[in-house]
Amino acid sequence: MTDNISSIVPTDRFFGYPYRREFTLVMRYQPPFWTFLLAVGLTTNILNIITFLKVGVKDSVTTLLLTLSMSDASFLILVSPTLLRHGFLSVGSYKLQAFSDLRFITFWPAFTCYDFSAYVSVVLGVTRCACVAMPLRFKSVFTKKRTIISVVVLFCINVLIHIPVLTMYRLGWKTDPLTNKSYVGVVRDEPSLRNYKQGINDIINKNTLQVISFIVLVACAALLKFKLFQASKIRSKLATVSGSSDESDKSLSQSLAASHKLSPKDVRVVQSVILVCSVYIFAQLPSLLYTATKKFHPEFTDTGRLFFLVVICSRTSYTFYLINASVNIFVYYNYNTKFRSAFRSLFKCKEVPRK
């Protein structure tokens, strides 16, 4: 993902390139959809934060979910100048140049927050896997205090590994060539230095850590899903032998149930974590395919013959990022009893009968 892909305007040299028609359609219809997703995402994450604070941050899961909502909201706020600038605020006036350039200042902080959300999701998946797989050993390890410390340390590390791109643009004094007056604008590194810094970011954050996070979350979601399946099979076995007079069958079933037991609360927590991880996995697929294709296809570059397809894929990744940052409220509402009760209490919602 480049920092200025949304400001690319095709020139005459792109006239004969493929995917020009599709590019035109995307440029026309995607910005309004982005605006809709931004509005929905900011609203849902604000509701998430208010509701989790109402519930009370009393355990590690709630701490991580609250952190995830705050990080997603920060991402949406910081990325909005980039998306809105391209869709609706094409500014040519020097007087408005400082606002127009705001997207350069907020772009990389936005994706620093997005990557932080990914790492929080990884921590959430790994901790739930550990607690489900070995509850006696790990349930007392992931306390609220330790989780908060872990989140703070993780945030500091995340900022540290993003320093190269976070320092590419900064606010400073510039001179208007028409009026010779000074104004606050964006000061940029030289193009060669920007390319070097972005290359470092691509290696660390886009290629290495993104792939590792994706693999870990897929493994966590699969393991948690298997544990749910295993627990359901044990419950079915217990129901089958409950009327049996064979004491050995009953003893075996009870020992299996004790070793794989999940309380209804545990089941709901595991289901919510699986869905949160699955949303992230689904949202990252376009970005992973985009990154892999750029690495192995020589024409799939910002200056190659497949320029229009590059922009389409990049903008599609933006769309999936916005979806990922917007839909978790539906997971929380359906699978977190405390969240649902607090949400209905705060916003005077009536209970909908469940079939």
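**Exercise 1.** Is Asp-189 buried or exposed in this predicted model?

*Solution.* Step 1: Take the relative accessible area of Asp-189, which is 9%. Step 2: Compare with the cut-off, since buried means under 20%. Step 3: Asp-189 is therefore buried.

**Exercise 2.** Find the salt bridges of the model and name the residues in them.

*Solution.* Step 1: The rule asks for a side-chain nitrogen of Lys or Arg within 4 Å of a carboxyl oxygen of Asp or Glu. Step 4: The count is two salt bridges.

**Exercise 3.** Describe the surroundings of Arg-170, Lys-197 and Asp-189, and state how their salt bridges are connected.

*Solution.* Step 1: Arg-170 has a relative accessible area of 39%, so Arg-170 is partly exposed. Step 2: Lys-197 and Asp-189 are both buried. Step 3: Shared partners join Arg-170, Asp-189 and Lys-197 into one network of salt bridges.

**Exercise 4.** Describe residues 33-53 and residues 148-169, two spans that UniProt, in an unreviewed entry, lists under "transmembrane region".

*Solution.* Step 1: Residues 33-53 are 100% helix and 0% strand, and their end C-alpha atoms lie 30 Å apart. Step 2: Residues 148-169 are 82% helix and 5% strand, with end C-alpha atoms 31 Å apart.

Methods: Residues are numbered from 1 along each chain as its sequence is written. This is a predicted model: local features need pLDDT of at least 70, side-chain atom pairs count only at pLDDT 80 or more; totals for chains, interfaces and linings use all residues. Side-chain values use heavy atoms; hydrogens and water are left out. UniProt positions are given in the numbering used here, feature names are shortened, and annotations may be inferred rather than shown by experiment. Helices (H or I, at least four residues) and strands (E, at least two) are DSSP runs, numbered from the N terminus. Buried means under 20% relative accessible area, exposed over 50%, partly exposed in between (1.4 Å probe, protein chains only).
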